[in-house]
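Hi,

Have it open while you read.

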Amino acid sequence: KETLRFASFEPAGAFLTGTIFALWAEDVAAASEGTLEIKIFPGGTLGRDPAAQIDLVENGVADIAWAIPGYAPGRFDESTVIELPFLVKNSEAASYAAWKVFEDGLLGGDYDKFKMLGTFSSPPNMIAATIPLVEPSDMKGVNFRAPGPTQLKAIEATGAVPVGGITGPSLAEALNRDLIKGLSTEFLAVETFRLEELLTNYTVVPMGATPMLVIMNKQRYESLPDAAKAAIDKYSGAAFSERFGKAFDERVATIRERVTARDDVTIVAPTEAQVELWRDATSVATEDWLAAKDGRQSLYDAFAAAMKEHPASQ
Amino acid sequence: MTLIEDRARAATRWLALIGFAGLLVLAIMTTLDVLMRWLFDNPIHGVNDVSAVVMAVVIASCIPANLEGRRNISVDVLGAMTGRRATRLLDAFGGFVTLLFIGAVAWQFIGYADSMYHSGRRTWVLALPLWPWWAAATAFLWFAALIQLANVIRDLHRTLTGGSDGHASPHPIRPDAADSLGHTES
Amino acid sequence: MDPTILAFVGFAGMFLLIGLHVPIGVAMAVVGVSGFAAIAGWAPALSLLATEPASTMSNLDLAVIPLFMLMGSLATTAGLAGDIYATAEALIGHRRGGLVATTVVASAGFGAVCGSGVATTATFGRVALPEMLGRGYSEKISAGSVAAGGTLGIIVPPSSIMILYAVLTENSILDLFSAALVPALLTVSLYLAAIFIVARLRPESMPGSTRQPLATRLRVLTRAWGVILLAVVVLGGIYSGIFTVNEAASVGTVIAFLFALGRGKLNRESFLAVLSEASVATVMIYVVVFGATIFSYFISITGVAANIIAGIEWLDLPALGVILLLVLLYLFLGAFFDEVAAIVITLPFVLPLVLSLGYDPVWWGILNVALVGIGMLTPPIGLNVMLLSSMRPDIPLSSIYRGVVPFFLADCVRILILVLFPAVTLWLPSIL
Ligand code: NA
Ligand code: NA
């Protein structure tokens with residue numbers, strides 16, 4: 001019986017690790033005809049640094065890991081299509097599309113070095129802040145954090161001061177100390193990092209989402225018996241994306257309901273005209289992204305088309 | 001040969017000083033950033049963008065001096081209970097294991113810096129490449145490994161010849177290490 | 001080999017290497033890598049030797065440690081420790097045992113701008129010890145109070161060990177610092193009570209001194225403004241929400257630098273000395289952290305912590321009983337180990353156990369720091385005591401250890417209070 005080590009820097013109780021990944025691991029093990037055991041190492045017990053999760057799998061410290069490419073800018077660069085403003089509308093369709101473009105070979109680079117088990121997108125980030133930021137002009141001079149370079153670019157284009165290098169656990173202190181006035185994020189992160197008490201104003205514009213991956217060491221996968229490989233394949237790829245996206249969207253809707261009910265919170269759905277202002281203000285991020293490398297336009301188009309064909313987009 | 005070694009040992013101290021002076025500069029930059037944010041609501045762009053890698057280089061630059069002065073937390077109970085010659089033998093052994101450790105770290109860092117270069121890792125805001133910083137850290141670690149090699153050779157020579165050095169301490173912690181933490185109320 | 005047995009072999013091997021004069025951080029790293037290799041293979045295990053030091057060195061939370069080290073060294077060089085001693089003396093020095101109380105209060109005040117216990121001991125070994133001996137206080141109580149007061153360097157925030165604990169357990173440094181405040185006040189009060197009792201029992205060991213005229217006392221009071229400013233900016237800035245901990249450390253370092261500069265204490269030579277002592281102390285801690293993280297990955301891959309928890313659950317001890325056993329374990333470990341080492345060696349086993357009993361990690365962190373603080377005073381290796389003895393070879397080691405006894409007893413009372421009333425620790429963070 002082979003034991004696979006699945007590393008996550010999230011604590012065991014957190015939603016993605018404790019629910020989605022734990023259930024996935026159970027299903028795979030159950031389908032493996034007794035050839036596999038998948039042991040989850042939560043809370044960074046195999047590697048504390050969120051930016052180093054990809055290295056863990058590459059070096060064989062872990063066999064499988066959950067990684068956020070945005071923490072390690074320069075790796076899995078093509079995933080940043082997910083970060084572009086006004087593209088991703090929900091996690092389910094975007095995660096499906098992310099797998100589709102990977103499967104069609106449009107990503108290349110680091111993706112071929114690993115056995116990809118799932119390529120996901122978070123639900124779209126919104127503007128979440130301690131002050132009202134309803135129009136792009138409100139952003140001028142405001143310290144603002146985004147979870148990766150592409151979104152930082154979009155933020156910068158509105159006239160805000162982009163702040164990088166703050167990881168999840170430090171967000172509450174950063175908001176509390178006025179180090180940042182706001183961030184682009186979604187409701188699960190708001191819950192996980194205990195920001196509910198601090199954030200008072202939400203502006204629901206799709207500022208781009210956070211790409212996420214579950215990757216496996218390729219040699220390790222190749223070395224497994226056929227029954228194990230088959231079990232992994234059965235629950236990976238499109239099936240994993242579907243399950244991940246659906247659960248994530250549902251969870252975010254639940255939290256949003258709870259946050260909406262708070263007295264001290266304002267959630268603004270901007271008018272058509274305001275949405276256009278945001279779109280214009282951040283469009284430079286998309287233009288820069290498209291211009292940065294050859295072949296990005298076709299990746300963008302394919303990703304958008306795949307999202308559109310998914311039922312969750314209807 | 002001894003001249004080169006003496007120069008190298010002196011260089012470790014200068015390297016550490018430069019590194020910690022860099023830390024002071026980082027502290028001054030952070031302070032200015034806080035003041036700008038506080039007084040003018042206008043922070044400096046990208047201050048904490050490079051802090052992480054600068055810190056790594058600062059710490060790496062102090063490691064050679066640390067090994068040169070043999071200043072790592074160790075418990076020398078056994079040596080204190082036995083004789084002077086046994087203490088030396090044990091110190092030499094501890095130094096040798098330390099050499100294995102720092103040598104392995106320096107060796108692994110080559111691959112690490114190399115992967116930083118090839119994977120094109122960059123900082124978040126200013127998109128500066130990370131590899132030059134890690135290359136510098138790697139160089140400092142190699143320097144540290146060489147210093148430790150010199151320590152081990154010195155230890156072996158001392159143990160074999162039984163030459164005097166006045167280093168053996170009557171206490172099971174090293175007073176020089178502890179004392180250097182306090183110091184200089186003049 | 002069965003992973004659980006491997007974990008225990010690794011643990012024993014680590015102690016063996018430490019006994020053979022291998023530095024503690026190095027011993028943990030060597031055992032951690034070898035043990036990890038036995039389960040996962042050499043290539044992954046060796047890769048830890050790059051990724052872990054790299055993420056430790058670039059960890060911005062840990063970066064607070066060198067900054068507080070630098071701040072403490074600069075504050076000492078600027079003469080701030082001497083000022084605070086003179087001020088505390090003007091306030092309480094004239095009572096019986098007043099100078100000993102002064103030493104404790106001044107150590108606590110200096111602890112508010114210095115993150116290291118050893119540095120605090122060394123500083124007051126120079127500032128306070130000669131004063132007390134000169135006024136006819138006994139060697140025992142004089143040296144004992146300096147050694148015990150030195151532990152306030154890590155008990156009063158900022159504290160490098162609390163930072164280390166927060167980073168290793170992924171708790172907020174801020175929570176640890178605010179949780180530490182009430183226990184720190186408790187410590188000082190208990191130490192003062194101990195001094196009062198000794199003054200009653202052995203009046204000959206602590207002569208009283210004459211009260212200085214009011215004008216002199218007021219003049220001396222004004223000298224403390226430097227240390228007060230620094231403490232207010234650093235701790236006040238952190239607690240009131242103006243600064244992050246990182247920023248407070250940076251601002252404090254700059255202020256201490258300006259003080260040293262402005263008072264003309266910072267010539268080329270003293271500046272170099274300050275930088276080099278801070279860098280030495282910093283690397284000592286980082287090397288231990290390298291080793292500790294690698295060792296913790298080895299322990300985690302063996303899954304032994306889960307087995308220990310299962311075993312303890314099987315024993316069906318009451319939670320309080322387990323905590324008291326841990327307290328005894330740390331008093332024992334503290335007798336032999338340096339304070340940083342005692343925490344990091346045991347953390348991979350002990351933290352999951354404490355959490356599984358339903359205790360708060362911040363509460364345990366404060367208790368843990370208090371326990372290893374006691375270890376700095378207990379034989380055979382009481383770091384503070386040995387440091388003083390190396391600074392003052394004329395005072396016998398045994399005298400210092402005996403002088404520490406009243407403070408050790410006060411510490412035992414404190415530990416009991418912290419264990420039995422977690423609210424003492426957790427109340428302040430809950431309202432901040
Ligand atoms: Na302190
Ligand atoms: Na001790």
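**Where chain C meets its neighbours**

Let's start with chains C and B: the rule finds two residue pairs in polar contact across their interface, both at pLDDT 80 or more. A polar contact here is a pair of N or O atoms within 3.5 Å; within protein, one must be able to donate a hydrogen and the other to accept it, and residues adjacent in sequence count only if both atoms are side-chain atoms. Salt bridges (a side-chain nitrogen of Lys or Arg within 4 Å of a carboxyl oxygen of Asp or Glu) come to zero between chain C and chain B.

Before going on, a note on the ground rules: this is a predicted model, where local features need pLDDT of at least 70 and side-chain atom pairs count only at pLDDT 80 or more, while totals for chains, interfaces and linings use all residues. Residues are numbered from 1 along each chain as its sequence is written, chains are lettered from A and ligands numbered from 1 in the order in which they are written, and side-chain values use heavy atoms, with hydrogens and water left out.

Back to C and B. In contact terms (heavy atoms within 4.5 Å), 69 residues of chain C touch 60 residues of chain B. The buried area, meaning the accessible area (1.4 Å probe) that two parts lose on being put together, summed over both, is about 6,100 Å², and carbon and sulfur atoms give 77% of it. On the chain C side, C:His21, C:Met57 and C:Met284 lose the most area to chain B, together 13% of what that side buries.

Which helix of chain C gives the most to the side that touches chain B? That is helix 15 of chain C, with 18 residues. (Helices are DSSP runs of H or I with at least four residues, strands are runs of E with at least two, and both are numbered from the N terminus.) The side of chain C that touches chain B divides into 48 nonpolar, 16 polar and five charged residues. For those classes, Ala, Val, Leu, Ile, Met, Phe, Trp, Tyr, Cys and Pro count as nonpolar, Asp, Glu, Lys and Arg as charged, and the others, Gly among them, as polar.

Now chains C and A. Here 26 residues of chain C are in contact with 18 residues of chain A, burying about 1,700 Å², with carbon and sulfur atoms giving 51%. Salt bridges between these two chains again number zero, but there are five residue pairs in polar contact, both residues at pLDDT 80 or more. Helix 3 of chain C supplies the largest share of the side that touches chain A, seven residues. By class, that side has 14 nonpolar, nine polar and three charged residues.

**Two sheets in chain A**

Five strands of chain A form an open sheet with mixed pairing, in the order 2-1-3-10-4; strands pair if DSSP finds at least two bridges between them. Strand 2 (36-41) and strand 4 (114-121) each have a single partner strand, so one side of each is left without a neighbour in the sheet. Strand 4 pairs with strand 10 (residues 211-217) in the antiparallel sense over seven bridges, and A:Phe120 stands opposite A:Met212 in strand 10.

The other open sheet has six strands in the order 7-6-8-5-9-11, also with mixed pairing. Three bridges join strand 5 (residues 126-129) to strand 9 (residues 201-203), which run antiparallel. There, A:Ala129 has A:Asn201 as its bridge partner.

Cheers
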